[in-house]
Amino acid sequence: VAEKVLYLKDIGSETCKTFDWSAAVSHMDTTIWVVKNRIDPGEKLRVKIVKEICSDGMSDRTYQYSATVKLGDRELKGCAVKWGAVPYGEGD
């Protein structure tokens, strides 16, 4: 049976946290998920995806979405594509 969960692996510490999946809230070009840690429900993970052109700064590729992931006082920012999509500039 497949569970609706989100796994977050911290490569630096080799730890993995499990969050219970919940429905996203969407408004215009922004989608946000706020999910609770399965072990520590007081810890929340916030994932924000915005439909806007995003550059990773390391290649000539551009992406269709920007992504921000926040856990506690840590915030990670980057780019994203829909599952199965190809970044702009790749495969041209």
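The model you're looking at is predicted, so local features need pLDDT of at least 70, side-chain atom pairs count only at pLDDT 80 or more, and totals for chains, interfaces and linings use all residues. Residues are numbered from 1 along each chain as its sequence is written, and side-chain values use heavy atoms, with hydrogens and water left out.

**Exercise 1.** Find the glutamate that forms a salt bridge with lysine 17, and say which parts of the chain the pair ties together.

*Solution.* 
- Step 1: Look around lysine 17. Its partner is glutamate 43, with the closest N and O atoms 2.8 Å apart.
- Step 2: Lysine 17 lies in strand S2 and glutamate 43 in the loop between strand S4 (30-36) and strand S5 (44-55), so the pair ties together parts that are 26 residues apart in sequence. (Strands are DSSP runs of E, at least two residues, numbered from the N terminus.)

**Exercise 2.** Decide whether lysine 9 and glutamate 14 are buried or exposed.

*Solution.* 
- Step 1: Recall the cut-offs: buried is under 20% relative accessible area, exposed is over 50%, and partly exposed is in between (1.4 Å probe, protein chains only).
- Step 2: Lysine 9 comes out at 53%, so lysine 9 is exposed. Glutamate 14 has 55%, so glutamate 14 is exposed too.
- Step 3: Check the pairing: their side chains meet in a salt bridge at 3.8 Å, N to O.

**Exercise 3.** Work out which residue has a side chain joined to that of serine 66 by a polar contact.

*Solution.* 
- Step 1: Find serine 66 in strand S6. With a relative accessible area of 12%, serine 66 is buried.
- Step 2: Look for a polar contact (N or O atoms within 3.5 Å; within protein, one must be able to donate a hydrogen and the other to accept it, and residues adjacent in sequence count only if both atoms are side-chain atoms).

**Exercise 4.** Sort the lining of the largest pocket by class.

*Solution.* 
- Step 1: Know the classes: Ala, Val, Leu, Ile, Met, Phe, Trp, Tyr, Cys and Pro are nonpolar, Asp, Glu, Lys and Arg are charged, and the others, Gly among them, are polar.
- Step 2: List the lining: Leu8, Lys9, Asp10, Thr15, Lys17, Val69, Leu71, Arg74 and Leu76. (On a 1 Å grid over the protein atoms alone, a pocket is an open set of points where a 1.4 Å probe fits, with protein on both sides within 12 Å along at least five of seven lines; lining residues have an atom within 4 Å of a point.)
- Step 3: Sort them: four nonpolar, one polar and four charged.

Terms used: Salt bridge = Lys/Arg side-chain N within 4 Å of Asp/Glu carboxyl O. Helix = DSSP H or I, 4+ residues; strand = E, 2+ residues; numbered from the N terminus.
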